[in-house]
Amino acid sequence: MNTGKFFLALGVFLLPFHATAGEEVNVYSYRQPFLVQPLFDVFTEQTGIKVNTVFARQGLVERLKQEGANSPADVILTVDISRLAESAEAGVTQAVRSRKLRRNIPQAYRDPRRHWFGLTTRGRIIVASRERVQPGEITRYEDLALPKWRGRICTRSGKHIYMVALTASAIARHGRDGARRWLAGLKNNLARKPQGNDRAQVKAIRDGVCDVAVINTYYMGKMLADPKQVSWAESVFMIFPNQAGRGVHVNVSGMAMTRSAPNRANALRLMEFLSGDAAQQIYAEQNHEYPVKRSTPRSGLVASWGEFKADDLALARIAELRGEASRLADEVGYDN
C-alpha cells in the first residue's frame with residue numbers, strides 16, 4: 001500500500017508507512033525534509049523507486065527498537081558520528097558490503113564494521129569578532145584554554161554531541177589528562193553559561209557578549225542565507241584551527257541500513273546513489289557542507305572559505321571516546 005510521505009516534527013510520530021517491496025524505499029531521517037527531498041526526487045527520477053520519509057528531531061532509534069523485525073524502515077539518515085554510532089550500538093543497523101561505498105567514501109568516514117557511512121563533512125571551527133580579535137591571535141583549539149581569553153568565549157553545552165566529539169578528538173590527540181586540562185581551561189574562559197545552538201554563539205559575538213566561539217562550518221552558510229542573521233555572520237571571521245598540526249576536527253552527516261530493512265536492494269541503491277557525484281553535489285550545496293567524496297566540487301560559497309587541513313583521525317575512534325568525553329564535561333562542571 002502506498003501511503004506516501006509523513007513528515008513530522010518535535011519527535012511526535014504521526015502514522016507509519018507501508019512499503020511495496022521492489023517499488024519503494026523507506027527512510028527514517030533526522031535531517032530536515034527540505035535538505036533531503038531534492039536528493040530523493042532525483043533518485044526517484046533515475047530509478048523509479050519512490051522514497052517514503054519519516055522525519056523526527058529525536059527518537060528514531062527508539063522507534064526502530066520498538067518496531068523490531070516488523071519495522072518498515074530501510075535506511076536511517078542522521079547528523080553526527082555520535083548518532084551513527086548509537087544506531088549501530090543499539091543493534092538496529094546491519095553491515096553493508098558495497099565496492100561503490102568503499103570507493104566513494106574515505107575510510108576515516110565509514111565504520112570498520114560497515115554499519116554506517118558518512119555522506120557530508122563539516123569542520124568544527126573557531127570564529128572570532130572582526131572588531132575585537134586580530135587575525136593570528138588564536139590559531140589552535142588548544143589556544144581556547146589560554147588565560148588571555150578569560151571571559152571571552154561562548155559555546156553550546158559541553159554535553160552536546162558536537163562538543164562531545166570535539167572533546168573526544170582532544171582525548172585521542174592529548175590523552176585523557178591533557179584533554180581534561182584543556183576542557184577545564186576552556187570552561188574557565190567562558191563568558192556565560194553554555195547555552196543555545198551554534199548560531200546563538202555567533203549572535204552573542206555580534207552582541208558583544210563574547211569574542212570567540214566554536215561552531216560547525218555549515219552554520220556560516222545558513223546564517224548568510226538568512227537575511228535576519230547575515231549581520232551575525234558578517235561580525236566574525238572564520239579560523240580553521242591547527243593547520244600546523246593535527247588539522248581541523250571533522251564530523252559527518254551519515255547513513256545506515258536498518259537491521260530489518262524489508263527493501264534491502266532498494267536501500268543499497270539509495271545509499272550508493274547518495275555517495276555518488278550527483279547526490280553529493282546536491283546534498284553539500286543544500287547543506288553548505290563538504291562532499292564526502294573528494295572528487296565532487298564544493299559549492300561556490302564553501303569553496304570561497306578556502307582549503308584547509310582536516311584531522312585524519314578516524315571517526316570510529318571519536319565514537320569510541322565519546323563516553324569518556326561526556327564524563328570529562330561532567331568532571332570539570334562545564335555546564336555549571
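**Pockets and a helix crossing in the predicted model**

Helix α7 makes the greatest contribution to the lining of the largest pocket, to which it gives three residues. The model under analysis is a predicted one. In this model the largest pocket has a volume of about 510 Å³, and its lining comprises 18 residues, among which Y30, R57, V79, Y162 and Y219 lie nearest the centre. By class, the residues lining the largest pocket are eight nonpolar, three polar and seven charged.

The second largest pocket holds about 380 Å³ of space. It is lined by 16 residues, and those nearest its centre are Y109, T121, R294, R298 and A310. Eight nonpolar, two polar and six charged residues make up the lining of this second largest pocket.

On the α5 side, the contact involves V164, A165, T167, A168, S169, I171, A172, R176, A179, R180 and L183, which meet R317, I318, L321, R322, E324, A325, S326, L328, A329 and E331 of α12. Taken by class, the residues of this contact between α5 and α12 divide into twelve nonpolar, three polar and six charged.

Notes:
Residues are numbered from 1 along each chain as its sequence is written. This is a predicted model: local features need pLDDT of at least 70, side-chain atom pairs count only at pLDDT 80 or more; totals for chains, interfaces and linings use all residues. Side-chain values use heavy atoms; hydrogens and water are left out. On a 1 Å grid over the protein atoms alone, a cavity is a set of points where a 1.4 Å probe fits but cannot get out, and a pocket is an open set with protein on both sides within 12 Å along at least five of seven lines; lining residues have an atom within 4 Å of a point. Grid points are joined across faces, edges and corners, and a volume is the space filled by probe spheres set on the points. Helices (H or I, at least four residues) and strands (E, at least two) are DSSP runs, numbered from the N terminus. Ala, Val, Leu, Ile, Met, Phe, Trp, Tyr, Cys and Pro count as nonpolar, Asp, Glu, Lys and Arg as charged, and the others, Gly among them, as polar. Contact means heavy atoms within 4.5 Å.
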